[in-house]
Amino acid sequence: MPGMSTFSRTDSARAEGLRRMRLMALSLLVFAAGVFLGTLHRSDPWTFVHAMAEAAMVGAIADWFAVTALFRHPLGLPIPHTAIIPTRKLALGRSLEEFVTENFLVESVVRERVATAAVSERVGGWLSEPQHARRVVEEMAGLLRTGLSNLRDEEVAALLESEILPRLISEPLSGVSGRLLEDVVSERAHTALVDLALEEVHRWLGHNQATVVRVLGTRAPWWTPLWVDDRVTARVYVELVAWVDDIRSDPDHEARRAFDAVLRQLGHDLQHDEALMERAERLKVRVLTQPRVLVSALAVWNVVRTALLSTLADPESSLRERGITRLTEFGAQMVSNEEVRKRIDGYATDAAAFFVTRYGDELSTIITMTIDRWDGDEAARRIELHVGRDLQFIRINGTIVGGLAGLIIYTVGRLL
């Protein structure tokens, strides 16, 4: 039978449990039959036991028939309304699908369940333990490494060449660049970069006096004496170093203000000066259509990917340690900060509700599709494997309850 030729370890355990319960139910029936035969033609008080055993057999056989009729024809006889699951598996699958959809995959039910599940508090408590945060980081690092390792240069090149670069070429960027530049200058976000550049220029000038003097000397007139050139270039070098140092030390230096004014004007012109905007767009197109752009972009990508792979592979890397620290702190914040908990629980509730509303019907069809792929006998075998053990209690209870009912009826009849 398809799909049932091999059992998993769990299926084997279920089958063994079902076999034991069947044996127990059958043993009760055999015991009742033995008592019935042993008390045949006996006088009181054995007549009461005989009646009880007779009713117990009737109850056991009736419930055996009821349980068996769900999964197969009892004794192989094609009795009407038996083998219900094999013959009506599609209808049962649709009924089960409707039941799950109407009672479980409902937005109100999901919202209520997620809202009362204290998702943020549980997740936060779990993440606040460093070993758990480390495990999350390790899993994420493994996934990222796998993804980066499987991403080939040809795929990245195709993405850049067919999607990213054409989009950048066709999309006007001068206006966006101008607004971004204005915002950078207004927020003083470029100050640190300017400070760094001035620091590096000052350091380089201090260590390369001979180079600077030689370059300046090449610009001297041919008719000036050499000693004059030396004194002039030396003086220019001293003034240049002093000027750079003044700019570096004074955040409100005139040169800084002039540079900011140039950047601010450039940002404005990139948004409003048609001629400059057109030149900027032409420059962008010329640059992005150069073959070397794609090669350079791939080279940068490979450098970044190699660095990331190396960092992700190192269990003691600073990136991993920072990730563990941030996750642990975030978990502790979720536990202690009620506002954060409410916000995250709201996100979780909305996400679950959206998923159920958008994909609930498709999700529930998995039940029907799965059952539809089984043949009738396979469906009966699978379902019986999961619920058959519990159904054997019906046979056991039928035997006991039937016997007690028979004893009561026989007693009442004798009294009357």
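Colleague: Let's start with Asp350: how does its relative accessible area class it, and what's the value?

Modeller: Asp350 is partly exposed, at 41%. That class sits between buried, under 20% relative accessible area, and exposed, over 50% (1.4 Å probe, protein chains only). Keep in mind that this is a predicted model: local features need pLDDT of at least 70, side-chain atom pairs count only at pLDDT 80 or more, and totals for chains, interfaces and linings use all residues. Residues are numbered from 1 along each chain as its sequence is written, and side-chain values use heavy atoms, with hydrogens and water left out.

Colleague: Which side chain meets Asp350 in a salt bridge?

Modeller: That's Arg111, with N to O at 3.1 Å. The two come from distant parts of the chain, 239 residues apart: Arg111 in helix α5 (residues 107-116) and Asp350 in helix α17. Arg111 is partly exposed too, at 31%. The cut-off for a salt bridge is a side-chain nitrogen of Lys or Arg within 4 Å of a carboxyl oxygen of Asp or Glu. Helices are DSSP runs (H or I, at least four residues; strands are E, at least two), numbered from the N terminus.

Colleague: How many salt bridges does the structure hold?

Modeller: It holds 20. One of them joins Glu384 and Arg72 through their side chains, N to O 2.6 Å. Here the partners are 312 residues apart, with Glu384 in helix α18 (residues 376-415) and Arg72 in the loop between α2 and α3 (84-87). Glu384 is buried at 4%, while Arg72 is partly exposed at 33%.

Colleague: And what about Asp260, which residue does it form a salt bridge with?

Modeller: With Arg188, and the closest N and O atoms are 2.4 Å apart. Asp260 belongs to helix α13 and Arg188 to the loop between α9 and α10, so the bridge ties together parts 72 residues apart in sequence. Asp260 is buried at 8%; Arg188 is partly exposed at 39%.

Colleague: Which peptide bond is cis?

Modeller: The one from Asp44 to Pro45, with omega near 5°. Pro45 is in the loop between α1 (9-38) and α2 (46-71).

Colleague: Switching to packing: how do α9 and α13 cross?

Modeller: Their axes come within 7 Å and cross at roughly 150°. That makes α9 roughly antiparallel to α13. The axes are lines fitted to C-alpha atoms, for helices over the stretch in contact, and angles run from 0 to 180 degrees between N-to-C directions. Angles under 35 degrees count as roughly parallel, over 145 as roughly antiparallel, 65 to 115 as roughly perpendicular and the rest as oblique.

Colleague: And α11 with α12, at what angle do they pack?

Modeller: About 125°, with the axes of α11 (residues 209-217) and α12 (residues 226-249) 9 Å apart. That makes α11 oblique to α12.

Colleague: Last one: where is Phe354 found?

Modeller: In helix α17 (residues 338-373). Phe354 is partly exposed, at 47%.
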